[in-house]
Every structure is written in C-alpha cells, then in structure tokens.
Amino acid sequence: MSADFWASYLSGALGILIGNRLDVLKVKAQASPGSTVAAPQQEPGTTASRFTGLFRGAAAPILGYGALNSILFMSFNRSLYWMDPSIVDYTKLAGVDLSKIWVAGALGGLATFVVSAPSELIKCRAQLIVDGQESSYKVLKSIWSRHGLRGLYYGGAITSARDAFGYGWYFWSYELSKRLLLSRQADPFLAPSTTDVLISGGIAGVVTWVSIYPLDVIKTRLQTQPSWHPEQQGLLRSEQAAISRSVQSSLGIAKDVWQTSGLGGFYRGIGICSLRAFVVNAVQWYVYERIMAFFDHKQ
C-alpha cells in the first residue's frame, strides 16, 4: 500500500488512543443539558477495570479512525493532485493555492462518511453508558440487531456536513500555520522542524473544532438522545411507536439548545475539546510527516 495510507492510518490510531479520555469528557459535556461537566463516576472493580474505563468507547474510533484517517489523507492528496498535477511531495505544498487545499480537504472529509458516521455513533453511545459495562462491540451489536445497517448511519447527514466543512479548515489552517513558521527560512520547501509540525498540527486541530463545534454538539445530542435507544430490547409495539415519535431531528435539537442555553449551549465543552484537539493533532501531524519522510528516503 502507499506511504500516505500507512502514515495516516498509524497517526490516526495513535491520536485517538492519546485523546480518548478527553473525548469522553467532551461528549459528556455536549450531551448534558447542564452547564458543567459531571465528574466521571468511579467504577467498581479492580484497578485493571478502572484503567480500561479510561478507554471506554475507544475501540471503535481506534479501528475506525485509523481507516478514516487513511481515507481522509488519501482522498485529500488525490483531490489536490487532480487540481494541481505539479505536486511531487504531499508534505511540501508551499506553492499550492490555499483555496485548493481547502476544497481538497472538504472532499476528503466527505469521503470519510462511510467510516465516520458509524464509528462516531458507536463511540458516543459507548462513552455514555451509565454502568460502564457496554463495550463498543456490544453497542454495535445492539444497534445492528435493532436497526440493521441503516441504524449505524443514524446522524450521518450532519456528520458528513461537519466533516466536509471541518476538514477543509483542517488542512487549510495546518498549511497556513506551517508556511508562516517556515517564512523565516530562505527556502519554504525545506523540511519543517519538530516544533513547526507540532505547533502547526495543534493549531489546525483547534481551528477545525472551533469552526464546527456547534455542528458537533448537535450531532452528539442527536446520536445520544435516550429516545433513540437501540440498546433497549423487547419493547412492545406501542412503546416503540412512542419512542419513535419522541426522537428529535437535528433542527429540533438545534432549536432546543438555542432556547435553553443560547449561543453558549453550542460551545459547551469547547475548552476540553480544544485541549484535546491541540495535543492529538500535534501528535498526528508529527507522526504523519515523519512516516512520509521515512518512506520518501526509502525510495
């Protein structure tokens, strides 16, 4: 397989593993109608069981996000090359128009839909299980048994909109930040330092999440609303009908957030998310750039 496949897959999986605990707190903040994040409940059991609790909901995104990151970067690279065939090295884009980079990023974000929608749904629901006993696999099995393949793509439309818009800014802000940091050099095509990559990656992560956070709040509430509860089994037909009628749409959730919390409701948990975004994306871009450089030297 190509270098950008392995570079993006490994960097994505590592980034999710590093940032999972902060992501759990982000999801709890977004799903909660209150203004504060409740402290995670201490789970009973051994030290080992408490340790595994730190990574609740991580299995789906680790496996899924590695694949998602591969689709994202490969789609971005191919789309950008289609718009600018003069590109030789995808990690050195100093001469490429930033608007093309944004469009390529948005196309890459759309391409991730097949993986992003189900992995986000499973992750969010696994992270909010009250008793802490449901694994990602059990959540997947529950959704599949009740709703089939279609159920795994619940909330897929808003997830796609979030990813397309967000990843456009993701690649745009990373490249802009890197160019600004490299502007002190005479040759903008020289390899960036570790500090340059870490700072640019961290900034890209924060810019991306700030730009799409309201959409992500709506997506999280849509996918975790108790009334859409595939984990419930054995309901009577009348009960199922009542639940279906109480499920809110994305627009309904947006109206509810605005009426109850105002603009601040769309940014609940943004501090935790920004911290996570900076750390995770700094690491991701560093790993990606270094693996790409390794393969380039091997050729």
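Gln-284 counts as buried, because its relative accessibility is 3%. Buried means under 20% relative accessible area, exposed means over 50%, and partly exposed lies in between (1.4 Å probe, protein chains only). Gln-284 is found in helix 11. Setting aside neighbours within four places in sequence, Gln-284 is in contact with Ser-11, Gly-12, Gly-15, Ile-16, Tyr-65, Asn-69 and Tyr-170. Contact here means heavy atoms within 4.5 Å.

This is a predicted model, where local features need pLDDT of at least 70 and side-chain atom pairs count only at pLDDT 80 or more, while totals for chains, interfaces and linings use all residues. Residues are numbered from 1 along each chain as its sequence is written, and side-chain values use heavy atoms, with hydrogens and water left out.

**Overall fold**

The protein has 11 helices and zero strands. Helices (H or I, at least four residues) and strands (E, at least two) are DSSP runs, numbered from the N terminus. Along the sequence the pattern reads α-α-α-α-α-α-α-α-α-α-α. Of the 299 residues, 47% count as buried. Among contacts between residues at least 6 apart in sequence, 83% join residues at least 24 apart. The protein exposes about 14300 Å², and carbon and sulfur atoms supply 66% of that area. Accessible areas come from the Shrake-Rupley method with a 1.4 Å probe; for residues, only the protein chains shown count as cover.

**Annotated segments**

An unreviewed UniProt entry carries the annotation "transmembrane region" for residues 6-22, 58-81, 101-119, 151-172 and 197-215. UniProt positions are given in the numbering used here, feature names are shortened, and annotations may be inferred rather than shown by experiment. Residues 101-119 are 95% helix and 0% strand, with the end C-alpha atoms 26 Å apart. Residues 197-215 are 100% helix and 0% strand, and there the end C-alpha atoms are 28 Å apart.

**Nonpolar cores**

A nonpolar core is a set of buried Ala, Val, Leu, Ile, Met, Phe, Trp, Tyr and Cys residues joined through side-chain atoms within 4.5 Å. The largest one has 26 residues, of which Leu-80, Ile-101, Phe-171 and Trp-285 touch the most other members. Six helices are listed as each supplying at least two residues of this core: helix 1 (3-31), helix 3 (59-83), helix 4 (98-111), helix 7 (156-182), helix 8 (194-224) and helix 11 (270-298). Helix 3 gives the largest share, six residues. Phe-171 is in contact with Leu-72, Phe-73, Phe-76, Ile-101, Gly-105 and Trp-285, again leaving aside neighbours within four places in sequence. A second, separate core has 14 residues, including Ala-126, Leu-152, Tyr-154 and Leu-222.

Ala-126 also pairs in space with Ser-136: the two are 10 residues apart in sequence and 5.7 Å apart, C-alpha to C-alpha. Ser-136 is found in helix 6 (residues 136-152). Ser-136 counts as buried because its relative accessibility is 8%.

**Surface patch**

Leu-14, Leu-17, Ile-18, Ile-199, Ile-203, Val-207, Leu-275, Phe-278 and Val-279 form a nonpolar patch on the surface, with about 650 Å² of accessible area together. Patches are made of residues with over 30% relative accessible area and no salt bridge; like charges are joined within 9 Å, and nonpolar side chains (Val, Leu, Ile, Met, Phe, Trp, Tyr) within 5 Å. Helix 1, helix 8 and helix 11 each supply at least two of the patch residues. Ile-199 lies in helix 8. Ile-199 is partly exposed, because its relative accessible area is 31%.

**Salt bridges**

A salt bridge is a side-chain nitrogen of Lys or Arg within 4 Å of a carboxyl oxygen of Asp or Glu. The count comes to nine.

Asp-216 counts as buried because its relative accessibility is 0%. Arg-162 is buried at 5%, and Asp-163 is buried at 4%.

Glu-120 and Lys-219 are both buried. Glu-120, Lys-123, Arg-162, Asp-163, Asp-216 and Lys-219 are linked in a network of salt bridges.
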